[in-house]
Amino acid sequence: MGRRQRFTKEFKLEAVRLLELGQKSPTQLALELGVRRNQLYKWKEQLAGKGDGAFRGPGRKPATQEGEVARLKRELAKVTEERDILKKAAAYFARELP
């Protein structure tokens, strides 16, 4: 599977503008821009829904402190469970065989 393509905000805005002009079919425009046709429609929906807030940037939003605490608690529970399993396995294999 190839790497995920990333497009700049300006590219997306221009693609949506060209889509809305309607001078070319969406399929033709997608082929020329090198994107999927449904991606053009998704960008158009994002721009309509969020306006200037659309296409803010790559990556996830910074985690809030509460979100980080919740993530760490889940990780701790997982690691604790793994430790307990390993303890039981070590005890099982440490027993002498008849």
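Me: Which residues make up the largest nonpolar core?
Reply: A nonpolar core is a set of buried Ala, Val, Leu, Ile, Met, Phe, Trp, Tyr and Cys residues joined through side-chain atoms within 4.5 Å, where buried means under 20% relative accessible area, exposed over 50% and partly exposed in between, with a 1.4 Å probe and protein chains only. Here the largest such core has 10 residues in all, namely A15, V16, L19, L29, A30, V35, L40, W43, A54 and F55. Two or more of these residues come from each of α1 (9–21), α2 (26–33) and α3 (37–50), and α1 gives the most, with three residues. This is a predicted model, in which local features need pLDDT of at least 70 and side-chain atom pairs count only at pLDDT 80 or more, while totals for chains, interfaces and linings use all residues. Residues are numbered from 1 along each chain as its sequence is written, and side-chain values use heavy atoms, with hydrogens and water left out.

Me: How many helices and strands does the chain have?
Reply: Helices (H or I, at least four residues) and strands (E, at least two) are DSSP runs, numbered from the N terminus. This chain has four helices and zero strands, so that its elements run α-α-α-α from the N terminus on. Of its 98 residues, buried ones make up 12%.

Me: At what angle do α2 and α3 pack?
Reply: Two packed helices are described by the angle between their axes and the distance between the axes. The axes are lines fitted to C-alpha atoms, for helices over the stretch in contact, and angles run from 0 to 180 degrees between N-to-C directions. In this model α2 and α3 pack at an angle of about 100°, with their axes 8 Å apart, which means that α2 is roughly perpendicular to α3 (65 to 115 degrees; under 35 counts as roughly parallel, over 145 as roughly antiparallel, and the rest as oblique). With contact meaning heavy atoms within 4.5 Å, P26, T27, L29, A30 and L33 in α2 meet R37, L40 and Y41 in α3.

Me: Where do the axes of α1 and α3 come, and at what angle do they cross?
Reply: They come within 9 Å and cross at roughly 100°, which makes α1 roughly perpendicular to α3. On the α1 side, F11, K12, L13, A15, V16, L19 and E20 take part, and they meet L40, Y41, W43, K44 and L47 in α3. Leaving aside neighbours within four places in sequence, V16 is in contact with L40, W43, K44 and L47.

Me: Which residues is Q46 in contact with, leaving aside its neighbours within four places in sequence?
Reply: Q46 lies in helix α3, and its contacts of this kind are G51, A54 and F55. Q46 counts as partly exposed because its relative accessibility is 35%.

Me: What is the place of S25?
Reply: S25 is in the loop between α1 and α2, and at 39% relative accessibility S25 counts as partly exposed. The C-alpha atoms of S25 and R37 are separated by 9.8 Å, although these residues are 12 residues apart along the chain.
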